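Hi,

Here is the structure I promised to pass on to you.

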Amino acid sequence: MSPIAAPRLHTADPIAPFYGPDYGALVRTDPQIAGVLLDELERQRSSLQLIASENPASPAVLAALGSVLSNKYAEGYPGRRYYGGCAQVDAAERLAVDRAVALFGADHVNVQPHTGAAANLAVFAALLTPGEKVLAMALPHGGHLTHGAQGNFSGTWFETVGYPVSEQTELIDYDRVRDLAREHRPKLIICGATAYARLIDFAAFRAIADEVGAHLLVDAAHFAGLVAGGVIPSPVPYADVVTLTTHKTLRGPRGGAILCRAELASAIDRAVFPFTQGGPLMHAIAAKAVAFAEAAKPEFREYAAQIVANARALTEALEQEGMRAVSGGTDTHLAVLDLRGRDGAGVRTAVGAKVTGREAEMRCERAGIMLNRSCVPYDSAKPMVTSGLRVGTATVTAQRMKEPEMRRIATLIGRAVRDADGVAVPAVEKEVAELVGEFPLYRPR
Ligand code: PLP
């Protein structure tokens, strides 16, 4: 027997760095748009992707997205469409639903929401009438726009009350949530956020919802992939409804899905179509089916576990750079860092100036590190400025980076953030290029 193991087939492996898409035909027919796509491919390959809501979809997912299913109208649901010729798209949607039901152990799944926001809109439409009360995490503490922001449907058509995190621990304060629920008697309680790095006690939320007679929505947009990979607890046994995005930790196409209890199935389905959406994006639904199958593989469990291990390593190393981890750490794929530091000294430039979230985001971007500013709980800075950064490890883990690389990344972030006048940019850029060269994303064909 040969002592040399056969190389793994990257294209068949949902976790490996895989080959990039082939835009050959588009280059000939529309060189301008092909140029944009190729430039974006190059940007993704040549810089570090640490935006917590992003992840690279596999070639199989991208193939389904770019398929002839985009041509098909299919208003309705499998077997109950308002158009002829739906046998193939029915098969795609049934596969997507069956795979999601098996992956998450849900009674019922609707795979048609175009996005996470569209999924949340449909849940509000199914469970509430305008003017009713919703209790959700306050936006400056990590909640999402669709959980009650002014300017969003949720804060405009519904009365929303925000629960804060504890000022001392920066964790959800379940006693406070219960007090607010008793005071306001909401019809819907939401947990699951955009910038909250710790595990959520779904059983505690269930008990509070039951006490006040509210429905419980768990918005798993961010952490659905970690649930699928079995590395954090599932909200499905506790929630009436779970919404998710398929493009974040789940690593599928841009899109949404709704899981719910059997008794809510028809209300949810009617709220998606015809109440809030028209024809489903069948190419995206086929791509969701591909992603659900990929997430059911044993390699995905390893991938999800490594995402969390990497997030912990990155967070600890960023603390060494003077950034304080909000709530003291992370249990998930993301971390929120307070640039003001533990003692208020925080991250400063050579001349001692403090750095805001907006400034830090800009300094990282010019050095080839993509991440985003974030409010920290009880932030004194304006929402467009902020005192924090949010980082996520889903993409770099897809590139097969591990803990030692997280320490390298933290050093690069620290150098970029402290670099007020841009003198360090060439050196940091060079090291970013070396790192992503060692762990390529979408290998050239
Ligand atoms: N819910 C949460 C908690 C999110 O973080 C997001 C997106 O960041 C969404 C919903 C909305 O997802 P989408 O951007 O697909 O509408």
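First, some ground rules. This is a predicted model, so to speak of local features we need pLDDT of at least 70, side-chain atom pairs count only at pLDDT 80 or more, and totals for chains, interfaces and linings use all residues. Residues are numbered from 1 along each chain as its sequence is written, and side-chain values use heavy atoms, with hydrogens and water left out.

**The two domains**

The protein chain is assigned domain 1 (68-295) and domain 2 (300-438); these bounds come from an automatic or database domain assignment. Their C-alpha centres are 29 Å apart. Domain 1 brings 29 residues to the contact and domain 2 brings 26, where contact means heavy atoms within 4.5 Å.

The size of an interface is often given as the accessible area lost when the parts come together. Between domain 1 and domain 2, about 2,200 Å² is buried, and carbon and sulfur atoms give 59% of that. (Buried area is the accessible area, with a 1.4 Å probe, that two parts lose on being put together, summed over both.) On the domain 1 side, E170, A197 and R198 supply 27% of the area buried against domain 2, more than any other three residues.

What else is found across this interface? There are 13 residue pairs in polar contact, both residues at pLDDT 80 or more. A polar contact is a pair of N or O atoms within 3.5 Å; within protein, one must be able to donate a hydrogen and the other to accept it, and residues adjacent in sequence count only if both atoms are side-chain atoms. Helix 9 (224-228) and helix 11 (282-295) each supply at least two residues of the domain 1 side, and helix 9 gives the most, with 3 residues. Helices (H or I, at least four residues) and strands (E, at least two) are DSSP runs, numbered from the N terminus.

**Charged pairs**

Side chains of opposite charge can pair when their charged atoms come close. A salt bridge here is a side-chain nitrogen of Lys or Arg within 4 Å of a carboxyl oxygen of Asp or Glu. By this rule the count comes to 23, and the count between domain 1 and domain 2 is 2.

R198 forms a salt bridge with D331, with the closest N and O atoms 3.1 Å apart. The side chain of R312 also meets D331 in a salt bridge (3.4 Å, N to O). R312 lies in helix 12 (residues 298-320) and D331 in the loop between strand 11 (324-325) and strand 12 (334-338), so this pair ties together parts 19 residues apart in sequence.

Is D331 buried or exposed? D331 is buried, with a relative accessible area of 15%, while R312 is partly exposed at 38%. (Buried means under 20% relative accessible area, exposed over 50%, partly exposed in between, with a 1.4 Å probe and protein chains only.)

Another pair is R81 and E93, whose closest N and O atoms are 2.8 Å apart in a salt bridge. R81 sits in strand 3 (residues 80-81) and E93 in helix 4 (residues 87-104), 12 residues apart. R81 is buried at 14%, and E93 is buried at 2%.

Finally, E170, R324, D338 and R340 are linked in a network of salt bridges.

Enjoy exploring!
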